Amino acid sequence: TSRDEKYALSAIGEESTYKFFQGKSWFGWMISLATVGVQIWLLFIFVTAADIDLADETSALVYTWKCPRDRVECEFKGDSTPHGWVLFFIL
């Protein structure tokens, strides 16, 4: 009914992309599904990057520069990838 649709829209939010799930437009459904897909992709990236192993050089909790005590020079250990930069720009 109309009352139920108004309640659902108010619960979801007027400005939310999820409101397109209530419509009958294929374009609206594609926007909503793309939004859900991107959010699942971002969740996957964050969960896999949350590995806390300080001995691992590619762990999320390492410094980008490593300065061994027995050397004068420091080494750059940054592991930014194009995939990570795309994620950064999406956020």
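# Disulfide, aromatic pair and a serine in a predicted model

Q: How many disulfides does the structure hold?
A: The structure holds 1 disulfide, where the term stands for a pair of cysteine sulfur atoms within 2.5 Å. The model is a predicted one, in which local features need pLDDT of at least 70 and side-chain atom pairs count only at pLDDT 80 or more, while totals for chains, interfaces and linings use all residues. Residues are numbered from 1 along each chain as its sequence is written, and side-chain values use heavy atoms, with hydrogens and water left out.

Q: Which cysteines form the disulfide, and how far apart are their sulfur atoms?
A: Cysteine 67 is joined to cysteine 74, with the sulfur atoms 2.0 Å apart.

Q: And is that disulfide right-handed or left-handed?
A: The S-S torsion of cysteine 67 and cysteine 74 is about 110 degrees, so the disulfide is right-handed.

Q: OK, new topic: what pattern does the protein follow along the sequence?
A: The order is α-α-β-β-α, made up of 3 helices and 2 strands. These elements are DSSP runs numbered from the N terminus, with helices being H or I of at least four residues and strands being E of at least two.

Q: Where is confidence lowest, and where is it highest?
A: Confidence is lowest in α1, at a mean of 76, and highest in α2, at 85. The protein as a whole averages a pLDDT of 76, and 78% of the residues score at least 70, pLDDT being the predictor's confidence in each residue on a scale from 0 to 100.

Q: What about aromatics, how many pairs are there?
A: There is 1 aromatic pair. In that pair, the ring centres of tryptophan 85 and phenylalanine 89 are 6.5 Å apart and the planes stand at 35 degrees, so the pair is tilted. Rings of Phe, Tyr and Trp (its six-membered ring) pair if their centres lie within 6.5 Å, and planes under 30 degrees apart count as stacked, over 60 as edge-to-face and the rest as tilted.

Q: Where do tryptophan 85 and phenylalanine 89 sit?
A: Tryptophan 85 and phenylalanine 89 belong to helix α3 (residues 82-90), and because they are 4 residues apart there, about one helical turn separates them. Tryptophan 85 is partly exposed at a relative accessible area of 45%, whereas phenylalanine 89 counts as exposed at 65% relative accessibility.

Q: Which backbone nitrogens lie 3.3 Å from a polar atom of its side chain?
A: The backbone nitrogen of phenylalanine 27 lies 3.3 Å from a polar atom of the serine 25 side chain, and the backbone nitrogen of glycine 28 likewise lies 3.3 Å from a polar atom of that side chain.

Q: Last one: how much of the protein is buried?
A: Buried residues make up 10% of the 91 residues.

Definitions and conventions:
A polar contact is a pair of N or O atoms within 3.5 Å; within protein, one must be able to donate a hydrogen and the other to accept it, and residues adjacent in sequence count only if both atoms are side-chain atoms. Buried means under 20% relative accessible area, exposed over 50%, partly exposed in between (1.4 Å probe, protein chains only).
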